[in-house]
Amino acid sequence: MHRRGFLAAGLATVLASPRALAQMKMDDMSGLDMSGHGGHDMGAMAEGAVALPEGEVLRDLPLLANAAGRPGLFKARLTAEAAVTRFAEGLDTPILAYNGTSPGPLIEAFEGDRVEITFANRIEGEASTIHWHGMPVPADQDGNPMDPVAAGTDRVYAFELPEGSAGSYWYHPHAHGTTAEQVYRGLAGAFVVKAKADPVPAEYGDTVLVLTDLRLAADGSMPANTMTDLMNGRVGDHVLVNGQKNPRLAVTKGAVRRLRLYNATNARFLKLAFDGAAMTVIGTDGGLLAAPVAADEILLSPGERIELVVSFGRPGPVTLATLDYDRGWMGPGRPADGGLTLLTIDVSEEAGGAMPPPPSRLRPIAPLPAPAFSRRLVFSETMAMNATGMEMGFLINGKAFDMARVDIVGKAGETELWEIVNQADMDHPFHVHGTQFQVIEHERDGKISRPPFFAWKDTVNVARGETLRLLLRQEQPGRRMYHCHILEHEQLGMMGVLDVTA
Ligand SMILES: [Cu+2]
């Protein structure tokens, strides 16, 4: 096990949530191989990992039907409950599903719509919530851990989608202490807010690709988190696209496609590239960029989304594959994160219909005004060995999450500069609820760099050793969460409460 930095931290006693600590103590400690070799969850390409079928036709996500029956309102019901699915031949896998499917149904609504979704929690014995990741919804409608929906009960989430809010959002549980497990067991879905006037040509289509991470035991079940999972975040054996391993998509030569990629994994960093097709970034978490930006590769950290236009000019297979990315790994069993083929696109010999070129301008993005003041959030990791096992914590400004504590107070409508300092040994993707922010700069070893494009974001990777600066403005009052989007880290304390006053 690597203990870089932890001893220097003074073996501080760390108070994570009681549930997390209990979970760690019950955990199989054989995962803690002090030699740095072996370990029982080797991640991708693990020996003995269950094989999954590849090459099936890519399925469209099921669309959540709008029951409103009139324009301007989106009304539906989402039920979270246990289900059984088949990832591998002959093996039943118990999962958690929204309306029976994982990923959950795709929600499509328009800017200006009112949304009323009844959430029915039918997960046995566990509270849950639905958090509308990235969406500008009121604090009391945002599925915070302070607003649990008890097992067997329903609640209605209601909010308006403001003009200008078109973007690639998603939804997932955010209950206290159970988020990580409910998500890796299957609860996550995409929520696309469409623009009334979309500058991207309709000929490109609009394909949502939800990337999730799966680990299966030999009997088809999903094993519980190990010590390694709690430290690094859970990384599975298979990355799935819309629930399928390396599915195939057929396009005609010359086709241009609009793709929305979601990293809905608990903890897997996805550095992505197309082999054989040109990729252009057109949007991020909070919608379109000001103008398209060509890219050879993109890093999508847990929780992030990216909107692409991809041109398939040459016949033959094109793959979307992962590249190696070292995000910092504690202990043995670092998964092979490069070289995974996620999706194969078969480009035909015959050309299809002519495609309009992408527009050179997509939409204006106004820079947020000069900040009223600034705050500094320092991420750190601590670890201590005691008689009953390893206690570890993931901290912000030296503190583990406490739902009853307000960590910072802000004011609605005021722009703030947030400086996120990662003093830890791992990368931590930073996410804040309720709004979109603008990343201004990254600083590392005294060197400052700018992001490759100016964009609206709600999740951004803060690499280890890096300081990131962003501008943020909350428009609505209420309590908001900010946290690391490695869900195991969030659960072990790397989360805080922002109270936005009116
Ligand atoms: Cu983290």
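## Spaces and cores

Start with the lining of the largest pocket: 15 of its residues are nonpolar, five are polar and 10 are charged. Keep in mind that this is a predicted model. That pocket has 30 lining residues, and L299, E304, H442, P452 and F453 sit nearest its centre. Other elements giving two or more residues include β15 (287–295), β16 (298–300) and β17.

| Space | Volume |
|---|---|
| Largest pocket | about 720 Å³ |
| Largest cavity | about 170 Å³ |
| Second largest cavity | about 80 Å³ |

The largest cavity is lined by 19 residues, with S102, Y184, G186, T212 and D213 closest to its centre. β9 gives the most to this lining, with three residues, and the lining as a whole has 11 nonpolar, six polar and two charged residues. In the second largest cavity, the lining splits into five nonpolar, one polar and five charged residues; among them are R268, W329 and D337.

Now for the packed parts. The largest nonpolar core holds 40 residues, and L261, L272, F274, L308 and I345 have the most contacts inside it. Strand β17 (residues 305–312) is its top contributor, with five residues. Beyond its neighbours within four places in sequence, L308 is in contact with residues including L261, F274 and I298. A second, separate core has 37 residues, W329 and F379 among them.

Definitions and conventions:
Residues are numbered from 1 along each chain as its sequence is written. This is a predicted model: local features need pLDDT of at least 70, side-chain atom pairs count only at pLDDT 80 or more; totals for chains, interfaces and linings use all residues. Side-chain values use heavy atoms; hydrogens and water are left out. A nonpolar core is a set of buried Ala, Val, Leu, Ile, Met, Phe, Trp, Tyr and Cys residues joined through side-chain atoms within 4.5 Å. Buried means under 20% relative accessible area, exposed over 50%, partly exposed in between (1.4 Å probe, protein chains only). Helices (H or I, at least four residues) and strands (E, at least two) are DSSP runs, numbered from the N terminus. Contact means heavy atoms within 4.5 Å. On a 1 Å grid over the protein atoms alone, a cavity is a set of points where a 1.4 Å probe fits but cannot get out, and a pocket is an open set with protein on both sides within 12 Å along at least five of seven lines; lining residues have an atom within 4 Å of a point. Grid points are joined across faces, edges and corners, and a volume is the space filled by probe spheres set on the points. Ala, Val, Leu, Ile, Met, Phe, Trp, Tyr, Cys and Pro count as nonpolar, Asp, Glu, Lys and Arg as charged, and the others, Gly among them, as polar.
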